[in-house]
Amino acid sequence: MSLDTPVEFLKSIGPERAKLIRNVLDIVTVEDFLNFYPIRYLDKSQVYDIKNLSDTLPEVQLKGRIIDLKELGEGRSKRLAAKFQDETGIIDLVWFKYSKWLKEQLPVNKTVYIFGKVTLFNSQFSMAHPEIEVEELKEKPTGLLPIYPGSEKLSKRGLNHKFFQNVLRSICTQIPALLTENIPDAVRQKLKLMPRGEAYLNIHFPGDLRKYEQANRRIKFEEAFFFQLSYALKKQHHQANAIGNPFTLVGDYFTTFYRDHLPFPLTNAQKRVIREIRTDMRRPVQMNRLLQGDVGSGKTIVALLAMLIAMDNGFQSVMMAPTEILAQQHYNSLKELTEIAGIQIRLLTGSTKKSERKSIHDSLLSGDLSILVGTHAVLEDIVQFKNLGLAIIDEQHRFGVAQRARLWAKNRIPPHILVMTATPIPRTLAMSFYSDLDVSVIDEMPLGRKPIITAHRREKDRLSVFRFAQEEIEKGRQVYFVYPLIEESETLDYKNLMENFDHIVQFFEGCNVTMLHGRMKPNEKEDAMQYFASGKAQIMVATTVIEVGVNVPNASVMIIESAERFGLSQLHQLRGRVGRGAEQSYCILMTSDKLTKESRIRIKTMTETNDGFKISEVDMQLRGPGDLLGTQQSGILDFKKLDLTTDAKIIEASKDTVATILQKDPFLALPDHQNLKNHYLTHYRGKTSWGKIS
Ligand code: ADP
Ligand code: MG
């Protein structure tokens with residue numbers, strides 16, 4: 001038997017069952033079986049006394065006698081009931097589904113072991129559908145027994161728990177010949193990791209709970225370790241091979257702007273991040289950097305300064321946003337920032353007029369235009385640069401791999417890449433999913449910001465909420481009302497939006513109310529935005545199209561309707577539309593009275609913190625890491641054991657270990673590293689999806 005042996009050659013399997021197993025469980029080889037982990041274990045090593053039972057226990061084993069067997073109830077509530085007695089007490093047994101055969105076969109009044117989960121009902125314990133073994137026939141207890149994730153389909157064909165237990169047991173006897181250690185001994189000892197073979201044995205047949213935990217930890221570490229190793233090797237390779245344009249000069253554009261035109265003093269975090277970017281771009285290696293900063297932390301100015309460095313070195317820059325509105329916003333803020341410095345910036349989106357488009361194309365090709373802002377439109381083949389040196393991508397979640405690849409192709413030597421995201425990423429995710437990127441974090445808000453006050457209100461409070469908004473408007477502030485617009489019921493939501501718009505217009509008599517939603521044409525959207533941004537309208541009624549990027553510092557109240565229908569990161573993004581000026585800002589989350597447990601947690605989190613990182617942690621706990629990243633990218637994090645929500649320590653340790661190893665031995669040439677290198681080459685190389693940024 002070897003790891004590659006197809007399972008059909010195993011005793012007790014054969015071609016037909018092998019096919020079934022392959023189709024249902026995707027298991028083809030012995031190795032697949034070793035990596036087919038139990039979902040839970042039955043503890044038959046212990047016999048409990050009834051007097052010590054508790055309903056928080058997992059399945060328990062009891063030893064005693066079944067007595068008082070009888071049928072109860074009529075029709076649908078018909079059931080078979082009995083008592084079970086040991087020397088310390090009595091519990092109820094119940095079968096909701098049973099056959100005449102079962103009833104006759106039950107070993108009443110004999111000493112038996114029963115096995116199952118007890119529940120407490122009317123201060124009496126009961127067990128439904130217990131597993132029963134007669135004492136004389138009982139197999140010797142053998143620690144924890146694995147239960148594998150099977151399916152109806154399999155157990156109908158005789159592939160039940162017992163079957164899997166037998167197959168795995170026979171494979172496990174071969175473990176010493178099958179598995180070699182793949183983590184260096186020194187690391188194993190330092191981190192107190194169980195040897196590999198022992199871990200695989202104990203993950204399938206744990207001697208006891210402690211052994212199981214050690215095995216589990218070791219296998220998680222292994223997963224994390226090789227994942228980190230893949231990324232670290234990739235990064236190392238990139239640094240050695242991805243030539244980039246060295247921006248060695250810090251010249252007039254940057255210096256003059258920095259000295260004379262900064263509209264505000266930069267925060268320390270902004271300064272640090274700019275330094276990190278500068279250091280990166282100075283080297284003849286392509287930059288691949290992620291810039292994380294909460295909404296309102298001031299990423300735009302950082303992006304601009306990076307583009308000025310590109311200009312100083314004779315290179316062009318492009319800044320790409322996922323939506324028309326966002327691109328427009330970036331364009332407006334960049335134009336405002338650079339106007340006095342006399343730097344030309346242009347905007348290219350799907351709705352740019354033909355003549356303007358042509359002129360942009362020409363000036364990019366001739367090199368007259370140094371900074372372009374746009375949407376996906378900048379990716380089109382017809383958009384050619386004279387010398388593209390820096391590409392800034394805002395809100396990377398919405399751009400796919402292929403699109404980024406197109407950016408690269410726009411210059412012979414690929415441009416430096418700066419990805420900006422306002423969606424803070426939990427630490428474990430940043431450590432894994434983004435571990436081939438360098439990460440810069442703006443973790444400090446501009447001075448003088450007052451934290452936004454967030455409150456939860458219900459329909460009965462509507463009048464006071466409206467009055468509050470009215471008062472703020474009277475003070476000269478502006479207000480957003482945001483409504484959910486979710487695809488499945490779009491028409492209904494849309495109708496709702498229109499009705500609410502009418503209500504608001506009626507209530508806020510004398511105010512100008514403007515509206516923004518996804519069905520409007522780009523120029524209509526832009527007009528509506530302008531109307532609000534200029535202060536002509538006091539109220540903006542919108543859908544989530546304003547979620548990212550919209551910047552109106554005078555707006556101080558954000559009212560989110562049906563807030564329970566929004567996800568956490570969306571709520572956080574929406575809230576980030578206020579609190580952008582010096583005034584105290586408010587976010588009011590309106591919900592219905594009935595909330596699910598999850599939406600209660602979301603609302604509570606929002607009212608308790610403004611910290612995007614904390615919010616992202618909660619979000620990951622609620623939704624899981626895959627959902628957080630979006631389906632497009634979650635496959636990369638397809639871990640079997642490792643859990644990004646709970647295994648931060650293991651991930652961190654694996655990352656540190658990889659760093660230490662590669663620092664000492666970048667090509668894994670040392671004798672101590674041969675086993676891990678071989679394992680990496682056979683199991684991981686080429687299997688990780690690299691194509692995220694590069
Ligand atoms: P985001 O990181 O969300 O893109 P922006 O770059 O849009 O944030 O900045 C948010 C607001 O804060 C803008 O109005 C910007 O002019 C302002 N701002 C940015 N940096 C500072 C700073 N250091 N001091 C004061 N205001 C700042
Ligand atoms: Mg922004």
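**Exercise 1. Find the residues that Thr-338 touches, leaving out those up to four places away in sequence, and describe its setting.**

Step 1. Thr-338 touches Phe-257, Leu-304, Ile-343 and Ile-345, not counting residues up to four places away in sequence; contact means heavy atoms within 4.5 Å.

Step 2. Before going on, note that this is a predicted model, where local features need pLDDT of at least 70 and side-chain atom pairs count only at pLDDT 80 or more, while totals for chains, interfaces and linings use all residues. Residues are numbered from 1 along each chain as its sequence is written, chains are lettered from A and ligands numbered from 1 in the order in which they are written, and side-chain values use heavy atoms, with hydrogens and water left out.

Step 3. Thr-338 belongs to helix 13; helices (H or I, at least four residues) and strands (E, at least two) are DSSP runs, numbered from the N terminus.

Step 4. Thr-338 has 0% relative accessibility, so it counts as buried. The classes are buried under 20% relative accessible area, exposed over 50%, and partly exposed in between, with a 1.4 Å probe and protein chains only.

Step 5. A polar atom of the Thr-338 side chain lies 2.7 Å from the backbone oxygen of Leu-334.

**Exercise 2. Which domains is the protein chain divided into?**

Step 1. The division gives domain 1 (1-45 + 143-178), domain 2 (48-140), domain 3 (252-282 + 297-421) and domain 4 (453-609). These bounds come from an automatic or database domain assignment.

Step 2. Now take domain 3 and domain 4, whose C-alpha centres lie 30 Å apart. Their contact takes 9 residues from domain 3 and 11 residues from domain 4.

Step 3. For the whole protein chain, count 25 helices and 22 strands. Its C-alpha atoms fill a box of roughly 95 × 70 × 45 Å along the principal axes.

Step 4. Of the 694 residues of the protein chain, 52% count as buried.

**Exercise 3. Where does the largest pocket lie, and why?**

Step 1. Start with the space: the largest pocket holds about 1,200 Å³. On a 1 Å grid over the protein atoms alone, where a 1.4 Å probe fits, a pocket is an open set of points with protein on both sides within 12 Å along at least five of seven lines, and lining residues have an atom within 4 Å of a point. Grid points are joined across faces, edges and corners, and the volume is the space filled by probe spheres set on them.

Step 2. Among the 40 lining residues, Phe-264, Thr-300, Ser-333, Asn-551 and Arg-580 are the closest to the centre of the largest pocket.

Step 3. Helix 11 (268-282), helix 12 (299-312), helix 13 (324-338) and helix 19 (522-533) each supply at least two lining residues. Helix 13 gives the largest share, 7 residues.

Step 4. The lining divides into 17 nonpolar, 15 polar and 8 charged residues. Here Ala, Val, Leu, Ile, Met, Phe, Trp, Tyr, Cys and Pro count as nonpolar, Asp, Glu, Lys and Arg as charged, and the others, Gly among them, as polar.

Step 5. Because domain 3 and domain 4 both give residues to this lining, the largest pocket lies between them.

**Exercise 4. Is Asn-202 buried or exposed?**

Step 1. Locate Asn-202 in helix 8 (residues 196-204).

Step 2. Its relative accessibility is 6%, so Asn-202 counts as buried.

Step 3. Not counting residues up to four places away in sequence, Asn-202 touches Met-194, Gly-207, Lys-211, Tyr-212 and Ala-215. One of these, Gly-207, has its backbone nitrogen 3.1 Å from a polar atom of the Asn-202 side chain.

Step 4. Asn-202 and Ala-215 are 13 residues apart in sequence, with 5.8 Å from C-alpha to C-alpha.

**Exercise 5. In which loop does Ala-341 lie?**

Step 1. Ala-341 is in the loop between helix 13 and strand 12 (345-348).

Step 2. With a relative accessible area of 29%, Ala-341 is partly exposed.

Step 3. Leaving aside neighbours within four places in sequence, Ala-341 is in contact with Phe-257 and His-261.

Key:
A polar contact is a pair of N or O atoms within 3.5 Å; within protein, one must be able to donate a hydrogen and the other to accept it, and residues adjacent in sequence count only if both atoms are side-chain atoms.
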